[in-house]
Amino acid sequence: MSKLRIKKHNHALNRSFAGDLSINGVLLLFGVFMFFPMYYTLVQALKPLNELWMFPPRLYVVNPTLKNFGDLFELMSTSWVPFSRYIFNTVFISTVGTFGNVMLSSFAAYALAKIKFPGRKFLFSTIVYSLMFNTTVAGITNFITMSALGMIDTYLAVIVPAWGSTLGLYLMKQFMQTSVPNAVLESARLDGASEWKILWTLVMPMVKPAWLTLIIFSFQNLWNAGTSVYIFSEELKTFSYAISQIVSGGIARAGASAASTVVMMIVPITVFVVTQSNVIQTMSTSGMKD
């Protein structure tokens, strides 16, 4: 009888090892598939012009060169608006827009998830329905509204719509509802804590993976935002817009165009790498029960 049990136990261990090996193999395959675009982008940026236009295209570079990056920075230096201004605009818009989006989404999500008030379900349903509409649909309405508020041709024309993004609100609300036990909040209220103190000292630390994920989404969208129909002044344009203008000079600037793609993706990738451990937890719960 003991031998039979040992045999079953060994069989279970072998099957588990094979299963883990298969899962790791599939994950490795998907990882390579997802990494390939970044690899190919970097390879393209290191190719000289004669290799860039080779057909069929190669997945490797024979004579790597940094001339493409040199050409890009040389073109950047010839801009009539200092290129540091474009960089400042992008950093300012991305930082302020992301901060406001995270704060407003957190405040509204806490009210919708943990405070009972009339019309709460209807309001949340409206937010969910808004996710189905493309921003282009409301372009004319947004332009009229911003014009009436005097936000045309200012930073606010890009920052304020980022603050009102409903995707962040939906993400934060769902995470708070599943990961923050009501019993913890009730205990804090019995101890005399205000709603603001509960939000900052209890709720926000518990939903850290959610707002870190929101930071990535919001920052990436704002960082890659090109020219805006609401901004006309050249000194208010973003880094992405300046790059697109530089590399639109035709075939001769193909190398600079490939280098600009690498430059544009460095910052979002860095932000993701720094926060990836918390992002993975976003769709899971904290493990606490009511």
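This dialogue goes through the main features of a predicted model.

User: What should I know before reading the numbers and cut-offs?

Analyst: This is a predicted model, where local features need pLDDT of at least 70, side-chain atom pairs count only at pLDDT 80 or more, and totals for chains, interfaces and linings use all residues. Residues are numbered from 1 along each chain as its sequence is written, and side-chain values use heavy atoms, with hydrogens and water left out.

User: How many helices and strands does the protein chain have?

Analyst: Helices (H or I, at least four residues) and strands (E, at least two) are DSSP runs, numbered from the N terminus. Here the protein chain has 13 helices and 0 strands.

User: What percentage of the residues count as buried?

Analyst: Buried means under 20% relative accessible area, exposed means over 50%, and partly exposed lies in between, with a 1.4 Å probe and protein chains only. Of the 290 residues in the protein chain, 34% count as buried.

User: Which residues have the most contacts inside the largest nonpolar core?

Analyst: A nonpolar core is a set of buried Ala, Val, Leu, Ile, Met, Phe, Trp, Tyr and Cys residues joined through side-chain atoms within 4.5 Å. The largest one has 23 residues, and Y110, M172, M176, V203 and V207 have the most contacts inside it. At least two residues of this core come from each of α4, α5 (120-130), α8 (166-179), α9 (182-190), α10 and α11 (208-223). Helix α4 gives the largest share, 6 residues.

User: How is a pair of aromatic rings described?

Analyst: The description uses the distance of the centres and the angle of the planes. Rings of Phe, Tyr and Trp (its six-membered ring) pair if their centres lie within 6.5 Å; planes under 30 degrees apart count as stacked, over 60 as edge-to-face and the rest as tilted. That rule gives 10 aromatic pairs here. One of them is F107 with W196, an edge-to-face pair at 5.3 Å centre to centre with 80° between the planes. Because F107 lies in helix α4 (residues 83-114) and W196 in helix α10 (residues 195-206), the pair ties together parts that are 89 residues apart in sequence.

User: What other ring pairs with F107?

Analyst: The ring of W200 does: its centre is 6.1 Å from that of F107 and the planes are at 80°, so this pair is edge-to-face. This pair also links distant parts of the chain, with F107 in helix α4 and W200 in helix α10, 93 residues apart. As for accessibility, F107 is partly exposed at 29%, W196 is exposed at 54%, and W200 is partly exposed at 40%. Elsewhere, ring pairs link F36, Y39 and Y40 into a cluster.

User: Which residue lies over the face of F124?

Analyst: A charge sits over a ring if NZ of Lys or CZ of Arg is within 6 Å of the ring centre and within 35 degrees of the ring normal. K173 lies over the face of F124, at 4.0 Å from the ring centre.

User: Which residues form a salt bridge with R189?

Analyst: A salt bridge is a side-chain nitrogen of Lys or Arg within 4 Å of a carboxyl oxygen of Asp or Glu. The whole structure has 2 salt bridges. R189 forms one with E186, their closest N and O atoms being 3.1 Å apart. These two residues both lie in helix α9, 3 residues apart, about one turn of the helix. E195 also forms a salt bridge with R189, the closest N and O atoms being 2.7 Å apart. R189 is partly exposed at 26% relative accessibility, as is E186 at 44% and E195 at 31%.

User: Which residues form the nonpolar patch on the surface?

Analyst: Patches are made of residues with over 30% relative accessible area and no salt bridge; like charges are joined within 9 Å, and nonpolar side chains (Val, Leu, Ile, Met, Phe, Trp, Tyr) within 5 Å. Accessible areas come from the Shrake-Rupley method with a 1.4 Å probe, and for residues only the protein chains shown count as cover. The nonpolar patch consists of F35, F36, M38, Y39, L59, Y60, V62, I269, F272 and V273, with about 890 Å² of accessible area together. Helices α1 (2-45) and α13 (254-279) each supply at least two of its residues, and α1 gives the most, with 4.

User: What is the phi of D153?

Analyst: Most residues other than glycine have a negative phi. Phi of D153 is near 60°, a positive value in a residue other than glycine. D153 lies in the loop between α6 (139-149) and α7 (156-163).
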